[in-house]
Every structure is written in structure tokens, then in C-alpha cells.
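Keep the structure open while you read.

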Amino acid sequence: MKKFYTLVVVISLCLPIFIGITPKTEAALTPSTGWQWVREITISDPGGVSADYQIKLRLYANDATKDDPANGTIDLAGHCIDFPNDIRFGTTSDPSTATMLPQWIEEETAEYVDIWVKLPSDGADTIYLFAGNSDATRYSDGDAVFIEFADWENDLEGWINESSGSGTVEFSNAVYKHGSYSLHLNASDVGNLAVVIRYLTEYAEDFRLIWWARSEANSNTAIYMGTMDNVSGTFYDLTWIKFHYDGTLVYKVGTTLYTIMSYNAQQWYKIELRFDVDTGTYDIYIDDELKVDCLLYTSPSPRDLSTSR
């Protein structure tokens with residue numbers, strides 16, 4: 001099985017982003033007492049590559065028919081007191097001595113919650129799930145889980161505004177997917193661009209890049225999300241996803257646009273690119289469904305991220 005490090009972003013035209021970074025200082029489980037239930041989870045890692053790897057688990061509040069740990073779904077069997085706030089992951093079964101593993105909540109309903117967990121830095125293949133604690137409060141920290149994480153809580157968070165003309169970059173608390181804000185890109189026509197760029201290091205490992213994005217309207221402007229490579233001062237587009245003004249999501253190969261699917265204005269979409277650095281290819285997922293696979297990226301290596309309108 002391929003191992004992917006993960007990067008994440010949230011954007012609105014509205015927009016958030018996530019990638020994955022240097023581990024933060026490890027901390028004890030909080031609270032360290034009062035947990036009513038613990039379950040051992042074994043990670044299948046025959047290649048011994050799980051250290052600092054991010055995994056996503058779907059935890060069901062109380063549905064035994066969904067309990068399938070081998071496929072990433074776990075039933076909490078009604079043990080949460082305040083679902084999904086009293087959930088933690090640790091390195092041992094004893095909450096008083098366990099090191100708490102970073103976690104980030106991607107999505108939640110009354111029935112289930114999707115949580116990303118950063119596995120132990122020592123490569124241990126067994127972790128422990130704790131649930132049921134009246135003193136526990138919500139814990140969700142994307143910065144601690146991913147290589148790179150931006151939910152733009154009223155801050156560019158290391159991204160650079162390279163807009164031109166009358167294009168503007170704003171933070172919106174009126175429409176957001178995660179946290180309390182999103183990044184809002186405004187550009188009235190083709191001659192004016194709202195652009196943010198994140199300069200990163202080259203990734204030697206396979207990785208995935210995730211955006212949550214939406215277009216406010218089908219209009220004569222478009223939203224672009226992609227990766228670039230800066231070679232000797234020249235930028236090369238490597239991957240390119242666009243909310244086209246005709247109401248379709250498209251990708252580009254060379255100068256040709258290819259339709260992925262139709263989209264609805266003012267609806268959030270999860271857009272994921274999975275990169276295989278050995279083959280120089282990437283796959284496109286929309287809302288966790290594979291749409292296009294084995295596309296070649298067209299320059300040495302993806303390292304920089306850009307979003308524009």
C-alpha cells in the first residue's frame with residue numbers, strides 16, 4: 001500500500017488547506033484521568049514506515065454494524081459522554097502515562113466523526129483510542145497533525161498575497177468550512193487576479209494535497225488551485241484544477257482542458273491530489289471519489305502551492 005504524507009488547505013472564494021510538519025513537543029493525555037473506555041488499534045505497517053504518518057479514521061458514536069478497524073471504521077459503542085469531544089488517542093493504554101497523539105477533526109455528524117491522527121514518531125504500530133470523559137473538551141489541531149496546514153483564521157499563515165490589479169484577498173467569517181474563517185478571493189474580470197502562493201520544500205515521499213473550496217457563482221471568472229515548481233526563477237505549472245465559469249470542474253494537460261464533473265455554486269467540494277513521486281504521476285479525487293488517475297505532472301517535482309481567481 002502506498003504511504004502518503006498529507007497537506008491540507010481550505011479556501012472560499014471560499015477556501016482552507018492542509019499538508020503535514022515538524023512534530024510539536026509531545027504531551028501527556030488530557031485529561032489524564034476519568035476515561036471510561038479504551039481500545040487498542042493495531043496499524044498494518046509491514047514496511048515499517050508509519051512514523052509521523054497521518055491516518056484518517058471514521059468513528060461511529062454507536063453502531064456495531066460499522067465496526068471494521070481494518071478498513072478504518074470503529075464503533076465507539078455509545079461510550080462517549082459528549083460525542084465527539086471526549087475522544088483522544090495515546091501511545092499506551094494507561095491515560096496517566098500515555099503520550100497524546102495529535103488529532104484533527106475533518107467532519108462530524110450525529111452518527112460519526114472523521115478524525116485524522118498523527119502516528120507516533122518512534123514508528124510504533126499500536127495506538128490506543130480513549131472515549132468517555134465528562135471533563136474532556138474538544139481537541140482538534142491541524143497544525144500538529146499535518147506537514148502543512150492552513151485554515152486561514154484571519155491570517156495568511158505563511159502564504160503570500162501576489163494579487164494584481166483590483167484583485168483582493170480577504171478573510172470571511174460569513175462562510176467557512178473549518179474553524180471560523182475562510183480565505184475569500186475576489187477578482188472582477190480576467191485582467192485582475194487574486195492570488196495566494198505558498199513556497200515549500202520538495203517532497204521526496206509520496207504525498208497528498210487537499211483543498212476544501214467553493215465558487216460563489218458561475219461567472220466569467222474562475223478559481224485555480226494547483227502546484228508549481230520554481231526552476232532557476234521560472235515557474236512551471238505541474239497540476240491545475242479549475243472551477244470553470246461554465247459550471248464544470250476541469251484539469252489541464254498541456255493547453256487542453258478536460259472536464260472532471262459539474263459543480264454547484266456555493267457548495268463546498270473536497271479536492272484531493274495524490275502524488276506518486278516514483279512514477280511522476282498524480283490522481284484526482286473529488287469528495288473522496290477517484291475521478292482521474294495516473295496523470296503525469298510536467299516538471300521536476302511539485303513543491304509550491306498556488307490558489308488564484
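## Charges over rings

Take Arg58: its charged end sits over the ring of Tyr112, 3.8 Å from the ring's centre. To count as sitting over a ring, NZ of Lys or CZ of Arg has to be within 6 Å of the ring centre and within 35 degrees of the ring normal.

## Where this comes from

Keep in mind that this is a predicted model: local features need pLDDT of at least 70, side-chain atom pairs count only at pLDDT 80 or more, and totals for chains, interfaces and linings use all residues. Residues are numbered from 1 along each chain as its sequence is written, and side-chain values use heavy atoms, leaving out hydrogens and water.

## Rings that pair up

Rings of Phe, Tyr and Trp (its six-membered ring) pair if their centres lie within 6.5 Å; planes under 30 degrees apart are stacked, over 60 edge-to-face, and the rest tilted. That rule gives 13 aromatic pairs here. Trp104 and Phe146 are edge-to-face, because their ring centres are 5.7 Å apart and their planes at 75°.

Trp104 is buried (under 20% relative accessible area, with exposed over 50%, partly exposed in between, using a 1.4 Å probe and protein chains only), at 4%. Phe146 is buried too, at 0%. Trp152 and Trp159 also make an edge-to-face pair, with centres 5.1 Å apart and planes at 75°, and both are buried.

## A cluster

Trp104 and Phe146 turn up again in one aromatic cluster, together with Trp116, Phe149 and Trp212.
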